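Please keep the sequence and the three-dimensional view at hand while reading.

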Amino acid sequence: MIAWPLPSIPRRHALTALDSAITLAYLAGMLALGYAVSRSITGFRDYFVAGGRMTTPLLVCTLVSTYYGLDVLLGGSEVGYVDGVVGWFWYARPYYVGLILTAVLLVSRLRSRDFLSLPDVADAAYGKGTRAVVAVASFLYSLPVFALMGMGVLLDVVLGIPFVWGVALGALVSLVYTLMGGLLADAFTDTVQFTLMCVTLGVAAVLALDAVGGVDTLPAVLPESYFNPRGTYPTAVLLVFATAALSVFVEPGIYQRIFAARSRQAIFGALAIGVVLWGAYDWITTLLGMAAKASGLEVEPRYALLTLVVDTLPPGLTGLFVAGVIATGMSTVDSYLLIAGGNLSYDLYRPLVNPRIHDAGLLRLTRWAITLACAVSVVLALFFTSMVSAWVFVAAVLVGTAFVPVSAALFLRRPLKAAAGLASSLVGLSTVTAVYVTVNVKGAESEEWGTMIWTVEAVGRSWEIWQEYAVLFALPASLAAFLAGQLLGPERAARARGGAR
Amino acid sequence: MSPLAMVTWAAVVVLVVGSVAIFIWFLFDVGSVLHGEGPAVAPTEDPEAGSEVDPPGGEGNERAT
């Protein structure tokens, strides 16, 4: 399942000097902006949740650009290229429902307490054990593996840099940028990155679709199944795609911005506006993947969008688009490296090892933790072959570990036992891991679907277990463990009341 | 114009016009973020909250500020 060396693709369109100048000017501008804003950081709360002073437009920019990275840009177009509009209907649309429900059900509950992170919520309800397990899951989820993969793909397509070196280079640039600023610097740079990624994608869509003969030519060229909302995926896989949207309810980046918002109204408005923008962004990426297929491009599916657009745009606009794609990746890398670093320092080290660490020490430790997270991300970016399967894996880890205990903490009014949270999170994490390991050891890679599948003979027929099914096993297991812990676990001390309201 | 083309054009308009409008809104708003005195309602927005459990992290685990 090692991804590299990936097959090289033909490059028909190199960057001109003008394109390169625009791309470099963008990178320099982002570093300067990040540096200027980072000077206002005075402590860990400033660094991690921007002092709780983020307003609606700032939240829209940082939510949209952070939550949508290269995994969505390239992963969405990958599904569009291979299977059509199912990418929007089953891969993206469930997330909009999750985001709306998050605004309606979670925002008030989360902001009713002085939390800074997802593990804080678990800690308040169950104690340090569950905090540690949820922090580990949050750390794995937050590693910006796919954004780095996307940067590797981008540098391969436009500059001919081998994928492995592209990933390493992207990681290095992003690391320097991330260490410089906290969430406020991140969010300020996100405003430029958000505008750039949306405008360049919109303009690129117009030109690229025109180059393939217009949107209305797609139904005449592509198979009918490309316009079937279910595509050709098995029902269980569609269910897994939809289940992955449960990650929204325990999504560390969204939690961080909920805590960083100046008011409930600010985050409500930002999520509502964000859903509209996300919907448009997903539709365009899916359609560009389909347009690449219709144009006859025979490339690695995840290369489809980039190859089509870079082939289509004139000099100058290509540079802007490349800057927009880099912006898409950077806005995700810096935000999630910050969260992953915070998971190690604030969520694990501070409560478990050194509760009395001073603020400056915590800040310094967080920066080292960010560096470690970046190194781990590079290794993982070279492991996975498919953006979609990689995304589903970490979403399964987060959902399997945190969904049941955190939801119970936020919604149940009865006292919760530490054993319930710990058992639920541990069993969920273990189940996801066990399913992935088992399928990868006993199964085989399917060329048709591009994923690992274990075929099991049982009850007189054969069953195909995809590695992506892990969350379908993990959620019931986590729930059963929660109920067992709640019924059989020892009573807790007075501190352990049932979490936030 | 087909429904497919209409949806696609609508998405393009949302992306281009919407993102530029949000960015302009941010430019008008940036002063309140830079010079703001923190959250509008702090530290929590629920007046009844905060007294029922210890801070996350347990005893002796002071929140970093």
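Is the crossing of α5(A) and α13(A) left-handed or right-handed? In this predicted model, the crossing of these two helices is right-handed. Helix α5 of chain A spans residues 86-111, and helix α13 of chain A spans residues 252-260. Their axes come within 11 Å and cross at roughly 50 degrees. Angles of 65 to 115 degrees count as roughly perpendicular and those under 35 degrees as roughly parallel; α5(A) and α13(A) are therefore oblique to each other.

The residues that form this contact can be listed from each side. From α5(A) come A:Leu99, A:Thr102, A:Leu106, A:Val107, A:Leu110 and A:Arg111, which meet A:Ile254, A:Tyr255, A:Ile258 and A:Phe259 of α13(A). Sorted by class, the contact comprises eight nonpolar residues, one polar residue and one charged residue.

Helix α13(A) also packs with helix α10 of chain A, which covers residues 183-211. Here the axes lie 12 Å apart, and the angle is about 105 degrees. That angle makes α10(A) roughly perpendicular to α13(A). In this contact, A:Leu183, A:Asp186 and A:Asp190 of α10(A) meet A:Gln256, A:Arg257 and A:Ala260 of α13(A). The classes represented are two nonpolar, one polar and three charged residues.

Chain B contains one helix and zero strands. Of its 65 residues, 37% are buried. The accessible surface of chain B amounts to about 3,800 Å², and carbon and sulfur atoms account for 67% of that area.

Terms used. Residues are numbered from 1 along each chain as its sequence is written. Chains are lettered from A and ligands numbered from 1 in the order in which they are written. This is a predicted model: local features need pLDDT of at least 70, side-chain atom pairs count only at pLDDT 80 or more; totals for chains, interfaces and linings use all residues. Side-chain values use heavy atoms; hydrogens and water are left out. Axes are lines fitted to C-alpha atoms, for helices over the stretch in contact, and angles run from 0 to 180 degrees between N-to-C directions. Helices (H or I, at least four residues) and strands (E, at least two) are DSSP runs, numbered from the N terminus. Angles under 35 degrees count as roughly parallel, over 145 as roughly antiparallel, 65 to 115 as roughly perpendicular and the rest as oblique. A crossing is left-handed if the near helix is turned anticlockwise from the far one by less than a right angle, and right-handed if clockwise. Contact means heavy atoms within 4.5 Å. Ala, Val, Leu, Ile, Met, Phe, Trp, Tyr, Cys and Pro count as nonpolar, Asp, Glu, Lys and Arg as charged, and the others, Gly among them, as polar. Buried means under 20% relative accessible area, exposed over 50%, partly exposed in between (1.4 Å probe, protein chains only). Accessible areas come from the Shrake-Rupley method with a 1.4 Å probe; for residues, only the protein chains shown count as cover.
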